[in-house]
Amino acid sequence: MRLCVPRGFVPQQRSGHVAAAALGDMYVYGGYFKGPGTEKCLTDLCRFHVLTGAWEPVATTGPAPITTCSQSMVADEASNHLLVFGGTSLPFGITNSNTLHALNLATRCWAEVEPRSADRPSKRFGQSMVLVGVVERTEEERRRRGERGKRGGEEEEKRRQREREVTGQ
């Protein structure tokens, strides 16, 4: 692995932010900054392109999450979205959230995801989140991602076996 030294734009230092990798890039969102005489929750989204080692700010539109510290985030490459859940703002632990937001990486537009039922998790921050499921890609998606061919029979059978073990079937 080659070490990349960022050049040009570099995101502001922070803690309590989230990061997720999608389609060869790493995205960093939100977090907390405390400096001399200032403390604030950050609302910016930055992208790190792994191959070039370059950071860039990402301008977005739409209703972004308002609780941007200690939330959780995953990348859903199948739908080309970043999903952000929960979090808090200043003062920490008082303004917690239980909302789910999706950022369309193609349009860079945020949207709040409404639950299909009235049941929502409690408001929280500091949690983690994973996306579980097997994604079957179309030939078009494989071409876009630079993947070659379809899975071989043996590899496919191993994948199915792992899926059965995880789901207990």
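Student: Which conventions apply to the numbering and to the values?

Tutor: Residues are numbered from 1 along each chain as its sequence is written, and side-chain values use heavy atoms, with hydrogens and water left out. As this is a predicted model, local features need pLDDT of at least 70 and side-chain atom pairs count only at pLDDT 80 or more, while totals for chains, interfaces and linings use all residues.

Student: How is a sheet to be read, and what is the strand order in the open sheet of 4 strands?

Tutor: Strands of a sheet pair through backbone hydrogen bonds, either parallel or antiparallel. Helices (H or I, at least four residues) and strands (E, at least two) are DSSP runs, numbered from the N terminus, and two strands pair if DSSP finds at least two bridges between them. Here the open sheet runs in the order S1-S2-S5-S6, with antiparallel pairing. Its edge strands are S1 (18-22) and S6 (54-57), each of which pairs on one side only. On average, neighbouring strands of this sheet are turned by 20 degrees against each other, direction ignored; the axes are lines fitted to C-alpha atoms, for helices over the stretch in contact, and angles run from 0 to 180 degrees between N-to-C directions.

Student: Over how many bridges do S2 and S5 pair?

Tutor: Strand S2 (residues 25-29) and strand S5 (residues 45-49) are joined over 5 bridges in the antiparallel sense. Within this pairing, Asp-25 has His-49 in S5 as its bridge partner.

Student: What characterises the hairpin of S9 and S10?

Tutor: Strand S9 (residues 100-104) and strand S10 (residues 109-113) pair in the antiparallel sense over 5 bridges. Ala-102 stands opposite Ala-111 in S10. There are 4 residues between the strands, and Arg-108 takes a positive phi near 60 degrees.

Student: Which residues have the most contacts inside the largest nonpolar core?

Tutor: In soluble globular proteins, nonpolar side chains tend to be buried together. A nonpolar core is a set of buried Ala, Val, Leu, Ile, Met, Phe, Trp, Tyr and Cys residues joined through side-chain atoms within 4.5 Å; buried means under 20% relative accessible area, exposed over 50%, and partly exposed in between (1.4 Å probe, protein chains only). The largest such core has 14 residues, and those with the most contacts inside it are Tyr-27, Tyr-29, Leu-45, Met-73, Leu-82, Leu-103 and Leu-105. At least two residues come from each of S1, S2, S7 (72-76) and S8 (81-85), and S1 supplies the largest share, 3 residues. Beyond its neighbours within four places in sequence, Met-73 is in contact (heavy atoms within 4.5 Å) with residues including Val-18, Tyr-27, Leu-82 and Met-129.

Student: Is Gln-127 buried or exposed, and what does its side chain reach?

Tutor: Gln-127, in the loop between S10 and helix H1 (139-145), is buried because its relative accessible area is 17%. A polar contact is a pair of N or O atoms within 3.5 Å; within protein, one must be able to donate a hydrogen and the other to accept it, and residues adjacent in sequence count only if both atoms are side-chain atoms. The side chain of Gln-127 reaches the backbone oxygen of Phe-85 at 2.9 Å and makes a polar contact of 3.0 Å with the side chain of Ser-72. The C-alpha atoms of Gln-127 and Gly-87 are separated by 8.2 Å, although the residues are 40 apart along the chain.

Student: Where does Asn-98 lie, and which residues does Asn-98 touch?

Tutor: Asn-98 lies in the loop between S8 and S9 and counts as buried at 16% relative accessibility. A polar atom of its side chain lies 3.0 Å from the backbone oxygen of Pro-121. Not counting residues up to four places away in sequence, Asn-98 touches Phe-85, Arg-120, Pro-121, Ser-122 and Lys-123.
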